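Here is a friendly walk through the model shown below. Keep the viewer open while you read.

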Amino acid sequence: MDLTFTADELAFRDEVRTFLRERLPQDIATRVKNGLPVRAEDYTRWQQILHKQGWAAPSWPKQFGGTGWGPVQLHIYDEEASAAGAPRTIPFGLKMVAPVIMAFGNPAQQQRFLPRILSGEDWWCQGYSEPGAGSDLASLKTRAERQGDHYIVNGQKTWNTLGQHANWIFCLVRSDPNAPKQQQGISFLLIDMKTPGITVRPIITMDGAHEVNEVWFENVKVPVENRIGEENKGWTYAKFLLGHERTNIAGVGASKRELGRLKDIAAKEHKNGKPLSEDPLFAARIAQVEVDLMALEITNLRALSAEAEKRAPGPEASVLKIKGTEIQQTLTELMMYAVGPYALPFHRESSEEGDLKSVAGPGYAAPLAATYCNARKVTIYGGSNEIQRNIISQMILGL
Amino acid sequence: MDFNFSEEQQLLADTVRRFVRESYAFETRREILKSTQGWSRDTWNELAGLGLTALNVPEAHGGLNAGPVDTMLVMNVFGEGLLVEPFLGAAVFTPALLTRLSDEKAAADLFPVIASGERIVIVAHQEPQTRGAIDHLATRAEKSGDGYVLDGLKSVIAHGGAADELLITARTSSQTRDADGMSVFRVDPTSAGVTVNSYRTFDGQSAADIELKAVKVPAGNLIGVAGQAFAAIEGAYEVTISALCAEAVGIMKAVNAATLDYTKSRKQFGQPIAKFQVLQHRMADMFLQSEQALSMSYLAAIKCTDPDASERKRALSAAKVIIGQAGRFVGQQAIQLHGGMGMTDELMVSHHFKRLTAIDLTFGDADFHLERFAATPAA
């Protein structure tokens with residue numbers, strides 16, 4: 001057993017650091033490091049820079065234009081990119097639909113879609129959840145009726161993240177309403193967002209952000225060639241996709257960066273005439289989340305190395321999801337409490353503009369309450385943490 | 001980055017596991033606990049026969065110099081079987097301290113008999129006000145003629161009563177809370193002025209309070225340099241905490257397995273209680289916490305010999321926090337899910353629970369280490 005990096009791995013880390021120092025736009029890093037909203041054009045700009053470097057898809061195999069990095073390199077990259085303030089990867093194209101296209105798409109689909117995901121030309125979004133199908137996803141109702149070489153799609157998707165910027169959506173649709181089991185009548189379709197009959201309606205969340213949408217389908221014509229794999233086998237591909245969503249699900253690198261921000265804020269705030277970081281109770285709260293994060297980092301590395309050796313079936317990712325999201329939430333909570341009443345003033349527009357000034361109080365305090373509110377989502381999305389506990393009890397404990 | 005164990009390490013773990021399963025069954029342990037001294041010399045000799053007492057002794061002195069990862073694997077199994085023999089004290093703590101004191105004469109005298117299991121040598125450092133803070137040392141050693149006179153009280157020393165010889169820490173200079181001025185002395189527990197008050201602890205282990213009243217020791221009994229022992233004591237504690245964490249991890253694994261088995265077989269409302277989601281989620285959380293504990297036990301084993309003192313301190317304290325908290329949760333929930341049966345002496349789970357509880361109270365509890373972690377800046 002050995003937890004140190006080899007000379008090659010250290011050289012790789014230096015290469016990543018140099019790249020980030022030279023290529024990561026500082027205006028984007030400033031947004032990320034201060035918890036300000038990252039705009040769609042920022043994501044695309046960064047994706048194009050990564051593409052030029054050949055690092056657009058760290059987790060893809062080389063044959064499709066990925067880096068082919070192993071688990072330790074992925075870990076190092078995540079750690080360094082997060083620390084430098086690189087934006088997160090929008091997962092829907094790179095980490096969700098792409099692995100499905102690689103595993104189950106035909107060569108024509110692979111050639112058509114994968115390069116445009118790498119380059120950032122296509123922005124993908126997800127059509128999974130429906131008003132009546134959340135944790136019980138297989139009960140989805142959006143209908144796809146076959147008419148010759150097309151499907152006619154009718155229905156409603158919801159909790160669609162950043163679909164207002166997307167030009168493609170991957171959808172789970174019901175192609176056989178009479179199948180004996182719900183899971184058996186579902187197909188996996190790739191749909192051009194410009195197709196007539198698609199309407200995207202914003203859902204404004206409690207932090208004032210437009211991050212999620214409803215997507216309505218009214219007699220939307222989708223060519224059969226845009227179906228992945230076989231008709232009515234979509235559930236298999238959907239489950240495969242959910243398995244791949246776990247890549248970097250623990251979010252260790254980003255949480256380490258946020259822990260650093262929490263410590264910076266606590267050092268600047270004061271209580272009883274002393275820096276808040278020296279307050280015994282608050283210092284203990286910070287220490288608690290830090291030790292939890294240390295443990296998560298090792299658990300994550302164990303999972304990565306098991307995955308590399310193909311030893312783990314994958315349900316261990318549920319542990320990473322639960323613990324990782326709990327830590328993310330705790331960090332946003334502690335940052336908000338660290339600034340006390342100055343968490344209250346709210347002026348979303350200046351945050352959107354990447355402005356570090358606040359309407360009142362210190363600039364770093366301005367986005368904290370909104371971030372806290374926004375982070376409530378992390379234990380709900382990607383399979384709620386209750387669903388993750390179901391997965392652990394069924395897949396690991398055998399209950 | 002490699003989480004695999006060598007073939008030799010796997011072989012070691014298998015050997016110890018076979019020994020515990022075949023020769024240290026729950027009933028055997030129960031008989032041992034009924035005996036007057038509360039642990040078994042025969043078992044100790046068997047452990048010595050397997051080479052385990054030599055595990056942490058340097059090769060130059062007839063040992064295996066195996067290191068913290070091997071110790072971790074052994075302690076995992078001892079946790080599972082709830083070994084009550086003085087392995088942690090005599091075969092982990094003492095060799096770790098002796099190695100760090102770099103005293104050739106004491107090493108040549110003691111290591112061979114420690115390695116062979118012939119003599120049980122126990123370190124007595126903890127005092128009533130220590131509570132994890134190992135820089136607290138009130139026991140004094142005053143220079144007198146060509147020797148020293150020791151006065152003080154050592155408290156809740158695991159297996160203090162089993163010791164054929166004690167290694168007593170005492171202050172030859174400076175004040176109670178100073179790191180400077182600490183020394184280590186060899187003391188025969190039968191010497192005049194030494195009172196050993198042995199007792200059982202609630203987890204079935206044995207411990208003793210050791211009172212030293214004007215105990216005379218010759219100058220040659222000082223190990224290492226007078227007043228310079230703190231770094232060695234701290235380092236030895238860290239190695240021992242790593243081993244203790246591994247014991248807790250072994251227990252948690254056993255407790256989770258037992259709880260799973262029990263809830264699958266226990267029926268209420270016409271079905272196994274494991275069918276109830278509220279219990280499933282509890283067991284998922286028990287699994288999650290034991291995984292985090294396992295991760296920190298790995299980190300503790302790797303870092304407890306790190307040359308950087310603050311790096312070591314942070315890793316070991318972080319591990320003790322996570323393992324203390326996880327142990328408390330897993331132990332408490334295991335009893336809860338076993339219902340009334342969990343309360344009984346008859347089931348192993350209550351014994352596992354008690355040992356997990358005791359481990360958190362040993363060498364500084366989760367709160368102590370959280371505070372220590374917060375006060376230790378990253379290197």
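## Helix packing and the chain contact

In this predicted model, α5(B) and α7(B) are roughly antiparallel to each other, which means an angle over 145 degrees between them. The axes of α5 (residues 87–101) of chain B and α7 (residues 230–265) of chain B come within 8 Å and cross at roughly 150°. Axes here are lines fitted to C-alpha atoms, for helices over the stretch in contact, and angles run from 0 to 180 degrees between N-to-C directions. Helices (H or I, at least four residues) and strands (E, at least two) are DSSP runs, numbered from the N terminus.

This is a predicted model, where local features need pLDDT of at least 70 and side-chain atom pairs count only at pLDDT 80 or more, while totals for chains, interfaces and linings use all residues. Residues are numbered from 1 along each chain as its sequence is written, and chains are lettered from A and ligands numbered from 1 in the order in which they are written.

On the α5(B) side, the residues that meet α7(B) include Leu88(B), Val92(B) and Phe93(B); among their partners in α7(B) are Ala232(B), Ile233(B) and Val239(B). Contact means that C-beta atoms, placed from the backbone, lie within 7 Å.

Now to the place where the two chains touch. Chain A brings 27 residues to the contact and chain B brings 28 residues. On the side of chain A, α9 (280–308), α10 (317–339) and α13 (385–396) of chain A each give two or more residues. The most come from α9(A), with 13 residues.

One helix pair spans the two chains: the axes of α9(A) and α8 (residues 277–303) of chain B come within 8 Å and cross at roughly 90°. They are therefore roughly perpendicular to each other (65 to 115 degrees). Among the residues of α9(A) in this contact are Met294(A), Ile298(A) and Arg302(A), and those of α8(B) include Glu291(B), Met296(B) and Tyr298(B).

Finally, chain A as a whole:

| Property of chain A | Value |
|---|---|
| Helices and strands | 13 helices and 10 strands |
| Box filled by C-alpha atoms, along the principal axes | roughly 75 × 50 × 50 Å |
| Buried residues | 42% of the 399 residues |

A residue is buried if 20 or more other C-beta atoms, placed from the backbone, lie within 10 Å of its own. Among contacts in chain A between residues at least 6 apart in sequence, 70% join residues at least 24 apart.

Definitions and conventions
Parallel < 35°, antiparallel > 145°, perpendicular 65-115°, else oblique. Contact = placed C-beta atoms within 7 Å. Buried ≥ 20, exposed ≤ 12 C-beta atoms within 10 Å, placed from the backbone.
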